[in-house]
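Dear colleague,

Please find below the structure that I am handing over to you. My notes on it follow directly after.

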Amino acid sequence: MEMEPKRGKTTRGRSRQKADLATVLRKSWYHLRLSVRHPARVPTWDAIVLTAASPEQARLYDWQLARAKRMGRIAASTVAIAVPDPDGQRIGSGAATLNAIHALAEHYQNLGIGIAPEVEATKDNGIGSTVQLGRSEQEFPRLQMVDFISKKHILLLHAGGDSKRVPWANPMGKVFLPLPYLADDDPDGPVPLLFDHILAIASCARQAFKDQGGLFTMTGDVLPCFDASTIVFPEDSSSIVTVPITLDIASNHGVIVASKSHAKDEAVHLVDNLLQKPSVKELVNHEAILDDGRTLLDTGLIAVRGKAWRELVMLACSCQPMILELLKSKKELSLYEDLVAAWVPAKHDWLQQRPLGKELVSRLGKNYMFSYCAYELSFLHFGTSGEVLDHLSGVGSGLVGRRHLCSIPATTVSDIAASAVVLSSKIEAGVSVGEDSLLYGSSISSGIQIGSQCIVVGMNMPRENDEPSKLFRFMLPDRHCLWEVPLVGCTDSVIVYCGLLDNPKNSLSKLGTFCGKPWKRVLNDLGISEGDLWSTTGDQDRCLWNARLFPVLSYFEMLNLATWLMGLSDQKTEFLLPLWRVSRRLSLEELHRSIDFSKMCLGSSDHQAHLAAGIAKACIEYGLVGRDLSQLCGEILQLEVSGAEICKNFLGMCPRLQEQNSRILPKSRAYQVQMDLLRACGDEATAQELEHKVWDAVAKETASAVRYGFQENLEYPQKSASLNNHLSGSLDETFHPKTIKVELPVRVDFVGGWSDTPPWSLERAGCVLNMAISLEGSLPIGTIIETTKEAGILINDDSGNHLHVQDLASIAAPFDGGDPFRLVKSALLVTGVLNREVLSSTGLQIKTWANIPRGSGLGTSSILAAAVVKGLLQITDGDESNENVARLVLVLEQIMGTGGGWQDQIGGLYPGIKFTTSFPGVPLQLQVVPLLASSQLISELQQRLLVVFTGQVRLAHHVLQKVVARYLRRDNLLVSSIKRLTELAKTGREVLMNCDIDKLGEIMSEAWRLHQELDPYCSNEFVDSLFTLADPYCCGYKLVGAGGGGFALLLARDEACARELRAILQSDSKFDVKVYNWEIFLDSKP
């Protein structure tokens, strides 16, 4: 079996250091969103399958999958289903894997996909639980379906089980517990869940399968933190991801014995054996200890590709008799012990003694398993409630959004610790929340005290009385969990609670606890007997999991009994014990089977919608509409009855909003708010009519910010007797010839683009790091402006276009988009040349050129505009300072209708490398800081940086409109992305001054990912393949400017890599590109 050959002679060295959590998650989320928004460019999963413990839990998972699609976590083209274990009976993760693949095949059959044409298709949205066990394999053409499924890329997530160690997550499913990493990047979006982060990591692993079908399995209680885009999975085989660990940890987990003689590369080895919880002696005997004294941990990440995948599909599509046998014998088939062992010959003898082992060896045993060692991988395990809080307050605490989609009172009427995490919750005044606590999906009424390190989920605490003196008081002690669950078959819910560190599986005889206290003490203090909690028959261990503790009563009776059961009640046991004894009571185990999942889904959706409505109303009524109302309205509209009416009420508030804030709120934003609300109300026609007002307002606001002090120059020329006298003849004999030539370099931007673009730069600071360069030994952009004896203006460009304007008053905006002379005409307007006396005694001839390909991305249009503006100001003795020219070009671009920011003209007007900052205000202020580049830096850059024309023509205007529209909506992901670009620009300035070229490459690559976050269409398949080719040779790369084509920057690892990459690009017929010779332009001659 051969692995796919690596491209190029060098590969990136594999890091042995643990991955940085923030870096991994950001990169993974960039990739996930890109794959969802543009799956044709960045392949996504064909199907995502979740295993569930029961049909009821599967329906909840279906709801979560539909939510994930609606929120842009899963592509519309991806089939997403939840598959319950048959009859809700445990069959083991291996059998669940086979059952899930079989169920997916049935789901495709129900959709009419992948089967014979005569089978009638049924419409579906690609989400839904599968049919139950029992359909015969003859009911659909099995071999045809095997061929179909074996070409698909499937993500399988094992998410069943009862979450005993995290009981408050049991109703929602542990995989869907809240994990607000990076939540601040999208404050109006949904609370990020563990599931969402797993999807992000998995999206990067998808590319390891390339075009060969396969399966990737993960577990629902672990977030593997590593760059999954670096994974290598050999073709036509199975693979398991491993990570080196110390021997003490290995003794409690599965260990992989990797072959020392059959290695594909330093990270990929054939698997010789599998060990379960091995002793040191076993590790030594099996030669499982690495050179550094560690061994390889089985991470639970398993991939199957090509032929091995097809054989697994074949087995799965005929697995029903096997599963029925397991159900009958009440045995289980493990994925990590049994099924995987079929691919490891050393385990075949052992496996054949196991249930269904002979079948597995016979059907799968011809293929092999490889180990991929992810040295940098680290685990976030969510096995206990304590671990969940640790991940929110420990290493990843800096990534945690601690207030997200919540309603909280002022600090003077509540006491909410700064370190508390409040997600999708409404808290009234008079509430206390302690340090490092987690509140999720709850409404907390006045008088409630929540201690430190507590977890409160799904609580909807009503008010018993509005009088402060009669408020119901309830206190949840430190290190406790409290949650509420709706019950099936009735209108009631039950309140459940336990200690943070309680292990519900520990029995009375094995140090079991309830609310942190040993069971014997609990029973003694409360006067409860074991018979009150546990059945006297049966051989089950007596533990918290099966203790019938939790009464179903009225809400405040349940809270009173909770206080008593936690040992905090001042009331007499004689009063509360009888109430508790006669009540209907549930155990955690019974609760697992009694949850009303549909009511829970509806309640969660309505709760989120009402919170979003409150936030949106406050934003409109009290604020300056800085929230993403489009996204908030999306949540509000989940209220089927009242959602649209709420949005209509918000729309009615718009006139008052504009009236009150007319001097502060930009009109462009006010119009955008109205447009978003119209769309939420379903009035698309009126929204489209309003759209032109949005863009007109942007242009006017930009012009206002940069025109300050130049209004008199921008008045359009008027016909006058003096002008008209000269339009048809020669001018007088006082004519003095004058010629101005302006030549400028192009600019390449390292990072910071988009932060220079209005309306961002009018409202927020912008930072750009760019460089002026010459190409092929010359300055490619220029103009020659001459005075002439003939009246009027003659314009010539390098395409052979000519125009002679005699009626100067005809030069007036707006200009036709196809007018080849609109740039020069706009320059004549913004410089005020048409209104100056110079044209009463002379004419002008203006010649322009740009010796670079069209759509280059090098700022050609803006730099050419800067050249013309500068030349016109020089010939009329105007203010030709670079700052003035840069500001006038901003106005010029608004007049032309192309938009754009300031970085292009700054890049061409100022020499060398510079870090430029803009400060919003009237007028817009620019600060250009030249970097005093050392000879070493200049030399290394010119040796390692390849400037390559891709041959792909780009149109920045189309990209620009999309990005500006998202900013006007206050799209939070866009705002956070541009903020990140400005941070990277500041960092880039420092690394360049330190001559750290490798770090600059990392910054360029992250900037490129961010540009794709802003617009996924800023790249294409050709550019992607170009960067794939260049990747082994480069430490960073990106397209210049807005992207979409044009020029690319490839920053090689060293001079040798640069030479080799240049040679490959010049000889590879697949890439019709041109590598330009370039130099940093350091002179600034007038």
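Helices (H or I, at least four residues) and strands (E, at least two) are DSSP runs, numbered from the N terminus. This is a predicted model, in which local features need pLDDT of at least 70 and side-chain atom pairs count only at pLDDT 80 or more, while totals for chains, interfaces and linings use all residues. Residues are numbered from 1 along each chain as its sequence is written, and side-chain values use heavy atoms, with hydrogens and water left out.

I begin with the annotated span. An unreviewed UniProt entry carries the annotation "domain: GHMP kinase C-terminal" for residues 996-1066; UniProt positions are given in the numbering used here, feature names are shortened, and annotations may be inferred rather than shown by experiment. In the model, 56% of residues 996-1066 is helix and 17% is strand, and the end C-alpha atoms lie 28 Å apart.

Next comes a sheet. It is open and mixed in its pairing, with 6 strands in the order β12-β14-β17-β20-β22-β23; two strands pair if DSSP finds at least two bridges between them. β12 (403-404) and β23 (493-499) are the edge strands, each pairing on one side only. Within the sheet, β14 (residues 421-423) and β17 (residues 438-440) run in the parallel sense, joined over 3 bridges. Leucine 423 has tyrosine 440 of β17 as its bridge partner.

A pair of helices also deserves attention. The axes of α29 (residues 860-875) and α30 (residues 882-896) come within 9 Å and cross at roughly 120°. Axes are lines fitted to C-alpha atoms, for helices over the stretch in contact, and angles run from 0 to 180 degrees between N-to-C directions. On the α29 side, the residues that meet α30 include Ala865, Val869 and Leu873; among their counterparts in α30 are Val885, Leu888 and Leu892. Contact here means heavy atoms within 4.5 Å.

Finally, some backbone features may interest you. Most residues other than glycine have a negative phi, and most peptide bonds are trans. The peptide bond from proline 758 to proline 759 is cis, with omega near 5°, and proline 759 sits in the loop between β29 (746-751) and α26 (760-763). Another cis bond links alanine 813 to proline 814, with omega about 0°; proline 814 belongs to the loop between β33 (802-805) and α27 (822-831). Leucine 182, although not a glycine, has a positive phi of about 60°, and its place is in the loop between β3 (153-158) and α5 (194-205).

With kind regards
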